Amino acid sequence: MLSYQKGQITLPQYKVLLCSLYEIYKALEEELDKNSSHPAVAPIYFPQELARLESLERDLEHFLGSDWRKRVIVPAATHRYEQRLREIGKDNPVLLVAHAYTRYLGDLSGGQVLGKITQKSLGLNNKEGLAFFSFPGVESPNRFKQLYRSRMNSIELTEEERAEVLEEAVSAFEYNIQVFDDLQKMLSVTTAPTDQSNSNFPTAMLPSSHIMQFTVGLCVALATIGMGIYVY
């Protein structure tokens, strides 16, 4: 996160991050939509305020072109994360609460700051390519987070379910760590350049320390935010 704040994020890093976020949010939001009437999901279901999928689609189209869906490449860890979301959406929707809270409130908390850092770091002249960081449906992030926590704390769970949600929250952090670890490996692979001007992904070795520092910082930040689930 320190490297990110210093503006040490490259366009190739940002592109592969967007690709993984797209697959993760596609799975999460489709499962939330399917289970929107579930007693555990309904209280924290805010598609107009929080949905990220359309924003990510706009960002990917901006950077990868109109045929961006054919160019989305994600590592194995992203697929595992996606599969887990599909699994619990089908078999145990109450566990979606842990992932929704971890993802949405983490992104909402740092969205505006990280958006500005990304814009400056990548030398972007406008907001195009930065839709993911914007939450136009949320007037006050702080008040909305209070509302979200209040809604979440109103969910009636058994002791067993509470323990399962806590365990799933820990798993959510682990999935995120694994995704970033795989992204680092993906970015560090050296391939023979064919046409660098049109390349969507890096063709040479990139410093791995930057993305690892970002990974650790992000996960620590999310963990700190996520602890609020269990202290109210």
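Me: Before we start, what do buried and exposed mean here?
Reply: Buried means under 20% relative accessible area, exposed over 50%, and partly exposed in between, with a 1.4 Å probe and protein chains only. This is a predicted model, in which local features need pLDDT of at least 70, side-chain atom pairs count only at pLDDT 80 or more, and totals for chains, interfaces and linings use all residues. Residues are numbered from 1 along each chain as its sequence is written, and side-chain values use heavy atoms, leaving out hydrogens and water.

Me: Thanks! How many helices and strands are there?
Reply: The protein chain has 9 helices and 0 strands; these are DSSP runs numbered from the N terminus, helices being H or I with at least four residues and strands E with at least two.

Me: Which residues of H7 are buried?
Reply: Phe 144, Lys 145, Tyr 148, Arg 149 and Met 152. They line one face of the helix, because they fall within an arc of 135 degrees seen down the axis of H7; the arc is taken from the directions from the helix axis to the C-beta atoms.

Me: And what is exposed on the other side of H7?
Reply: Arg 143 and Gln 146 are exposed there.

Me: New topic: which residues touch the most other members of the largest nonpolar core?
Reply: Tyr 14, Leu 50, Leu 60, Tyr 104 and Tyr 148, out of 60 residues in that core. Such a core is a set of buried Ala, Val, Leu, Ile, Met, Phe, Trp, Tyr and Cys residues joined through side-chain atoms within 4.5 Å.

Me: Which helix gives the most to this core?
Reply: H2, with 12 residues.
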